[in-house]
Amino acid sequence: MKTSFLLNNLKSHPNRLLKDHLFNVGKYCKETLSSKKLNIEKYIDFDTLQDVAYLIGVTHDFGKATSYFQNYISEKDESMRAKLKTKLETHHGSVSSIFTYYAIREYLQSKNLQDKRYYEYLPIISFLVVKRHHGNLHNADDEVIDFDEKDDEILEKQIGSIDFRELNEIYGFLLSKINLDFDCRVIETKILHSEPVDIYGKQEFQKDYVKDLSRKENRLIRNIDEEHTLLFYFVTLLLYSILLDADKTDAANLEEIERVDINENIIDEYKKLKFGDKEDKNRKINEMRNEIYEEVLSNVERINRDKDKILSLNVPTGTGKTLTALSFALKLRKRIESEREYKPRVIYSLPFLSFIDQNFAVFEDVFETVNKEKPTSDILLKHHHLSDVVYTTKEDEFENVDKDIGKDLLLIEGWNSEIIVTTFIQFFHSLISNRNRAIRKIHNITNSIVILDEVQAIPHKYWLLLNKIMKFFAEQFNTYFIFITATQPLIFDETKKEISSLVENKRKYFNSLNRVKLIANLESVCLDDFKEILRKEIMQNHNKDFLVVLNTIKSSKDIYDFVKGLNIKNVGLYYLSTNVIPKERLIRIKKIKGKSATRHIIISTQLIEAGVDIDAAIVYRDFAPLDSINQVSGRCNRNFGDKQGIVKLFILREDKNGRAYYPHTIYGSFIISKTKEVFKEIDKEEMEESEFLKLNENYFEKVNIGKSEDESNSILEKVERLKFSELSDFKLIEKDYSEVDVFIEADDNAKSAWQEYQEIKSIDDLRERKKRFLEIKKEFYDYVISVPEKFKNQVGFDEKMGIGYISKTEIEQGINYNQETGFKGEEGSAGTLLF
């Protein structure tokens, strides 16, 4: 039954009129896209794409004009409102997407573009974007055939409840902005009218919209891979991202974040203030750092702005890559702003959370040192799943406002800042995804300068995939990529000019170093024999810091207990692994990095390689892939001490007949075998640091030749065919076992956090519950570790709450958690745990 709502009473949200919301979202969509510089003219005219973005914006909530939705949004009684919300007739995604589809078709017909190559895909892309703007993208081929009698019945009811006279008044105004004359009643005809069609020799009646989508568009989607392009995928993601951001921004009444200028010389000024008058104790390494810095910055004006968009900074560890890369990016940003009249964001992405916190602290220090004040979130933002949920701007400092956690989260997840420091997971899972929250930042990745630090951490099975995706983004979406690493993988080939080096002669820098000697023992050693070797070395080198890196938690705890049992005097003994709560790990790392009269002995899993910036004179490493060996070597004599550092490799076994501690479940047999090959080929036990570059090049060449491209090709095929739902196959970091989270009540603060968590869980209102948890999330996760799922009963895992719990009382009684070495799994069961 049709209910009459006055024109000015149709609502999109409780406090917002539909006509205003549609206009604001359409305007925001067009303005956002128009601010971008894309190189897609050979495919689609940019002005046309802007109009399409506007049409998506003004049509995305068409279905809210139904009386079903209006009754729901106007209902004051909460229980009745909740009941109305569950009715299928109240939902607006499907009917809105069909309206969008026909509006885009009508627009293209008015321009005589409806059947032209590339343009013909725009109606169905727009349909996909609008249909799932409140969920996640689905496979395109499923969306165009997913119609049944129940859907048809719902659509008929919805169309029958709309006052088209009022809607035509609204859309007459909205569509006049792009000179489009379109009668909204077209959708009424398309949904209600049917014609006889022949289906497998049988005549059936089929609605017009079903025929258009399941026949015409389905045929187009089935053959889309014949175009062999990533264009349709990324145009879908871009339009989807813009709509999501516009919709959420207007619905939440967010103020647009003003773009902020950043002094492009801020790193230069920081270096002078921070290091200018200090005594040069590490002259050689500092000379190299400065030489690299000056050479890289000299390339800001030299590079070809339109061709050199994939760049590399491949220099040794400890040579100041982080600040050099940021300085280069800020100066390149200024050049682009001056010459191209747009302001790129700078996205600094790293593989591990510990990297994020460490580098973010450095960047914060840059702004505080130079500007004498802490940078606000619109300038510098940290984003990962455990980040603080507070977004600040300059104006916040002068306003006494009650911060809205929900709005802050929207601003953080949209990457609206000038410099964003984030993880590989956040970055790459935005480019290859079907998830609403991940894709929403795509329009802000477009036209950015992306710094990928420690890029060797990307699995080789995805090299081809990321090569194709980053090439497209660089060439078509004007996005710059800077790889910074001491061990550059062959994702792009320098010899084919796919990537341009920011240093002319990197060999000069590598060959001049002798900080470290690497001694590789490729004969296996049982753990007891290794203990004796370690004991002798520690006793003989009584003034030197030791770092021992193991592959498993079990072996690391065994070695820690052994060293502790030696009762060595005047030693700071530390244990690091993800078995220990994050809060305690950070405390230990700060102590290790601080000045101390006693020497340090650190026993760790490969956690230490993930951006923990420490320095030791002697390093022992259980055998691992070469990139991991390089990382741990970078923790040895990092700052050019008086004597050369030593890194010793061992292949450890539990006993003389046991298997090695680098099981294939941890690293995979392929990269371990390639690492062994390169060491055997050099045919000597000892290597100087100056030889590392050649070793690395040989290793990555072997990996490149022998790697399988099956997984990359499989995902690329899904991308080209718009198989969005199947992109969950892409996992940058995979584990061979499932995990559960466990809260460790390690101290009184943890006890308070757990009590507050229990109170929050009892709140009935979902939004309020989420808001309250976001307020304590960071502190809460300071006490959370992940353990293999097989221990879920041991840790009291609550299926409903989704988390286990080890109480303070249990810890004090020595049950399940040890304050020094962390979670206590069953005897002999933790051998495959990483970090």
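Tutor: Let me begin with a cut-off: a residue counts as buried when its relative accessible area is under 20%, and as exposed when that value is over 50%. Please keep in mind that this is a predicted model.

Our spot is Glu-413, which lies in helix 17. Its relative accessible area is 10%, so Glu-413 counts as buried. What does this glutamate touch? Setting aside neighbours within four places in sequence, Glu-413 is in contact with His-383, Arg-437, Arg-440 and Lys-441.

Now follow the chain out of helix 17. The loop between helix 17 (405–413) and strand 8 (419–423) holds Trp-415. The backbone of Trp-415 has a positive phi, near 55°, in a residue other than glycine. Trp-415 has a relative accessible area of 0%, so this tryptophan is buried.

The buried set consists of Phe-424, Gln-426, Phe-427, Phe-428, His-429, Ser-430 and Leu-431.

Arg-333 belongs to helix 15, residues 321–340. With 3% relative accessibility, Arg-333 falls under the 20% cut-off and therefore counts as buried. Apart from neighbours within four places in sequence, Arg-333 is in contact with Arg-259, Val-260, Asp-261 and Ile-262, with Lys-343, Pro-344, Arg-345 and Val-346, and with Glu-418 and Ile-449.

Helix 12 covers residues 231–251; at 1.5 Å a residue its 21 residues should span 30 Å, and the C-alpha atoms at its ends are 30 Å apart, so the two values agree. Helix 12 is mostly covered, with 19 of its 21 residues buried. Just after this helix, Asn-253 takes a positive phi of about 60°.

Asn-567 is not a glycine, yet its phi is positive, at about 55°. This asparagine sits in the loop between helix 24 (553–565) and strand 14 (571–576). Is it buried or exposed? Asn-567 has a relative accessible area of 61%, so it is exposed, whereas Trp-415 is buried.

Helix 24 leads us to a packed pair. Two packed helices are described by the angle between their axes and by the distance between those axes. Helix 23 (residues 527–540) and helix 24 have axes that come within 11 Å and cross at roughly 45°. The two helices are therefore oblique to each other. The crossing of helix 23 past helix 24 is right-handed. From helix 23, Leu-527, Phe-530, Lys-531, Leu-534, Arg-535 and Ile-538 meet Asp-558, Ile-559, Phe-562 and Val-563 of helix 24. Sorted by class, this contact has seven nonpolar residues, no polar ones and three charged ones.

Asn-541 is in the loop between helix 23 and strand 13 (546–549). A relative accessible area of 18% makes Asn-541 buried. Not counting residues up to four places away in sequence, Asn-541 touches Phe-546, Arg-599 and Ile-618. Asp-247, by contrast, is 294 residues from Asn-541 in sequence and 64 Å from it in space, C-alpha to C-alpha.

The axes of helix 2 (residues 46–59) and helix 9 (residues 164–176) come within 11 Å, crossing at roughly 160°. That angle makes helix 2 roughly antiparallel to helix 9. Helix 2 makes a right-handed crossing as it passes helix 9. On the helix 2 side, Tyr-54, Leu-55, Val-58 and Thr-59 meet Tyr-171, Leu-174 and Leu-175 on the helix 9 side. By class, six of these residues are nonpolar and one is polar, with no charged residues.

To return to where we started, Glu-413 is a buried residue, and its contacts include His-383 and Arg-437.

Notes. Residues are numbered from 1 along each chain as its sequence is written. This is a predicted model: local features need pLDDT of at least 70, side-chain atom pairs count only at pLDDT 80 or more; totals for chains, interfaces and linings use all residues. Side-chain values use heavy atoms; hydrogens and water are left out. Axes are lines fitted to C-alpha atoms, for helices over the stretch in contact, and angles run from 0 to 180 degrees between N-to-C directions. Helices (H or I, at least four residues) and strands (E, at least two) are DSSP runs, numbered from the N terminus. Angles under 35 degrees count as roughly parallel, over 145 as roughly antiparallel, 65 to 115 as roughly perpendicular and the rest as oblique. A crossing is left-handed if the near helix is turned anticlockwise from the far one by less than a right angle, and right-handed if clockwise. Contact means heavy atoms within 4.5 Å. Ala, Val, Leu, Ile, Met, Phe, Trp, Tyr, Cys and Pro count as nonpolar, Asp, Glu, Lys and Arg as charged, and the others, Gly among them, as polar. The expected span of a helix is 1.5 Å times one less than its number of residues. Buried means under 20% relative accessible area, exposed over 50%, partly exposed in between (1.4 Å probe, protein chains only).
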